[in-house]
Amino acid sequence: MKSIKLSDLRDMEQNGTSFKLYDLREDYEYSDYNIGASRLLMSEVMDRYEEIPRDIPVIFHCESGNRSRAVVESLERLHQFSNLYSLEGGIQAIRETEQS
């Protein structure tokens with residue numbers, strides 16, 4: 001399972017690197033705070049895995065990184081993805097950098 005640091009995600013954004021960012025959190029979490037990622041509820045991932053790109057980096061995030069880590073591990077194991085990353089620390093990491 002691969003993970004990505006927030007600083008690496010920011011570098012990808014600044015460099016114009018093509019990637020897809022998915023928010024796995026529930027509606028109430030998303031409406032409370034979001035960074036504009038595409039929505040894909042954790043409960044829907046396995047039913048909708050064919051929609052996930054395989055030709056660019058795909059980064060999943062949740063509140064703390066636990067759910068995104070589990071999703072990446074499952075997709076790699078069950079559907080042989082090799083381009084998936086979990087955002088370390090999730091939204092909590094983003095909020096921490098905004099408060100600094």
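**Close-up views of a predicted model**

**View A. The two sides of helix 4.** Glu96 and Gln99 are exposed on one side of helix 4. The model shown here and in the views below is predicted. Helix 4 spans residues 90-99, and its buried residues are Gly90, Ile91, Ala93 and Ile94. Because these four residues cover an arc of only 160 degrees around the axis, they are on the same side of helix 4. The cover over the buried residues of helix 4 includes helix 1 (6-15), strand 4 and strand 5.

View B. Five strands, in the order 1-5-4-2-3, form an open sheet with parallel pairing. Strand 1 (3-4) and strand 3 (38-39) are the edge strands, each pairing on one side only. Strand 3 pairs with strand 2 (residues 20-23) in the parallel sense, over two bridges. Within this part of the sheet, Tyr22 stands opposite Ser38 of strand 3. In general, the strands of a sheet pair through backbone hydrogen bonds, in either a parallel or an antiparallel arrangement.

**View C. Helix 3 against the sheet, with Ser68.** Helix 3 lies across strand 4 and strand 5 (84-87), and runs at about 170 degrees to strand 5. Ser68 belongs to this helix, which comprises residues 66-79. With a relative accessibility of 0%, Ser68 counts as buried. The Ser68 side chain reaches the backbone oxygen of Gly65 at 3.2 Å. When neighbours within four places in sequence are set aside, the contacts of Ser68 are Leu24, Phe60, His61, Cys62, Ser86 and Leu87.

**View D. The nonpolar cores.** The largest nonpolar core has 12 residues, namely Tyr22, Leu24, Leu40, Val45, Ile52, Val58, Phe60, Val71, Val72, Leu75, Phe81 and Leu84. Strand 4 (58-61) and helix 3 are the elements that give two or more residues to this core. Helix 3 provides the largest share, three residues. Another core, of 11 residues, lies apart from the largest one and has Ile4, Ala37, Ile59 and Ile94 among its members.

**View E. The surroundings of Phe81.** Phe81 is one of the residues of the largest nonpolar core. With neighbours within four places in sequence left aside, Phe81 is in contact with Tyr49, Ile52, Pro53, Arg54, Leu75 and Glu76. Among these, Ile52 and Leu75 are also listed in the largest nonpolar core.

Definitions and conventions
Residues numbered from 1 in each chain as written. Predicted model: local features only at pLDDT ≥ 70, side-chain atom pairs only at ≥ 80, totals over all residues. Heavy atoms only, no water. Buried < 20%, exposed > 50% of the residue type's maximum accessible area, 1.4 Å probe, protein only. Polar contact = N/O pair within 3.5 Å; in protein donor to acceptor, adjacent residues only side chain to side chain. Contact = heavy atoms within 4.5 Å. Core = buried A, V, L, I, M, F, W, Y, C linked by side-chain atoms within 4.5 Å. Pairing = 2+ DSSP bridges. Axes fitted to C-alpha atoms, helices over the stretch in contact; angles between N-to-C directions. Arc of directions from axis to C-beta.
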